[in-house]
Amino acid sequence: MTRPVAAPRLDATAGPLLAVRQLRIQHRLPRAHPFARPRYLRAVDELNFNLHAGETLALVGESGSGKSTLARALLGVQPVSSGSIRFDGHELVGLDRRGWQPLRRQIQMVFQDPQGSLDPRMRVAQIVAEPLVYLCPELDAAERRHRVEQTLERVGLGPEMLECYPRQLSGGQCQRVGIARALVCGPRLLICDEAVAALDAVTQAQVLQLLREIQMQTGMAMLFITHDLAIARQISDRVLVMYYGRLMEQAPTRTLFAAPRHPYTRALLASVPGVDPAQRAALLRPGAAPDTSVPSTGCLFAARCPMADEQCLRRVPPVHRLRDGSAVACHYIAEAWVPPTKAA
Ligand code: SF4
């Protein structure tokens, strides 16, 4: 049985640790023939958000919504077409290898596949020590060993694990090793890309609790990428909903689940098992996915939105900033919300 963990205290007066502004990331599409004009897919488009120290932002949306592309851009391994990513005041877009060097240890990532993300030929001690070798060269071997042992203890793994290979560990233990590897350099921003998706429910709860406890102790910020709304609700302070690269809604977690304002968020909340199929169908039309290789002239969600009208097809909806800090990209956001009910 896991204990609930209190939310970390946020300093609302401090500036954001991470500030993303008008971010656009495009993937080049293969040419139909050698003389064809190049075409690009907009994986992320005009995205804006902040993330503060000690805060967890959940990034949710279906496959293809641009969540993982964004994560790679934040790590500096995905070229950005335009816009800005500022981390602790440093502009990351356009930064060269040397510029990234002091920042790499501050932004780390936990990957989805616990077993697959660990090198099967390396022992746990080597896996966790590896980032220290490259990112903290000032440490000698004894200091590295000490840091590795400390970090493994923090994630609940004893010294008997040091000489194990990943194949000798359970999925949950492998994910703890992955978390230790991400934490060993003392990051200020931890990006978790579907970090608990491959784990069973009990291990998921343990790993989420562990991450929250570590956040309480260290004050690090977390960007939690997930398609699982229950996990987003459990771990985050705020939720950002994306659809084909664009922000649909961003709100404090409690607000978003109690009173979602965007039609896509409502459809997402109704997509969980057990919701009355008739209600689900009323919230999502069976429309086609938008073509993001051409500039959109209207709302990306219009083909599937039950509220869509002429204006939605003709005008890209502006992002409305609301008094409670929420943001909603819809022409019509004042509709009353009735929570979906369970099927009889
Ligand atoms: S702008 Fe129109 S189509 Fe888009 S979500 Fe709002 S109501 Fe639906």
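The structure holds 1 cavity of 30 Å³ or more; the model it was found in is a predicted one. About 90 Å³ of space lies in this largest cavity. Rolling a probe the size of a water molecule over the atoms shows where such empty space is left.

The lining of the largest cavity is made up of 13 residues. Nearest to the centre of the cavity are Cys299, Cys305, Cys312, Cys330 and His331.

What sits in the largest cavity? The ligand does. Around the ligand there are 13 residues, and those that come nearest are Cys299, Cys305, Cys312, Cys330 and His331. The shell around the ligand has 11 nonpolar and 2 polar residues, with no charged residue in it.

The other place to look at is Gln112. This residue is in the loop between strand E6, residues 107-110, and helix H3, residues 124-135. Is Gln112 buried, exposed or partly exposed? Its relative accessible area is 40%, so Gln112 is partly exposed, as that class lies between the limits of 20% for buried and 50% for exposed.

Leaving out residues up to four places away in sequence, Gln112 touches Gln175, Asp193, Glu194, Ala195, Ala197 and Ala198. Gln112 and Cys192 are 80 residues apart in sequence, yet their C-alpha atoms are 7.8 Å apart in space.

How values were computed. Residues numbered from 1 in each chain as written. Predicted model: local features only at pLDDT ≥ 70, side-chain atom pairs only at ≥ 80, totals over all residues. Heavy atoms only, no water. 1 Å grid on protein atoms, 1.4 Å probe; cavity = no way out; pocket = protein on both sides within 12 Å on 5 of 7 lines; lining within 4 Å. Points joined across faces, edges and corners; volume = space filled by probe spheres on them. Near = heavy atom within 4 Å. Sits in = over half its atoms within 2 Å of the grid points. Nonpolar A, V, L, I, M, F, W, Y, C, P; charged D, E, K, R; others polar. Helix = DSSP H or I, 4+ residues; strand = E, 2+ residues; numbered from the N terminus. Buried < 20%, exposed > 50% of the residue type's maximum accessible area, 1.4 Å probe, protein only. Contact = heavy atoms within 4.5 Å.
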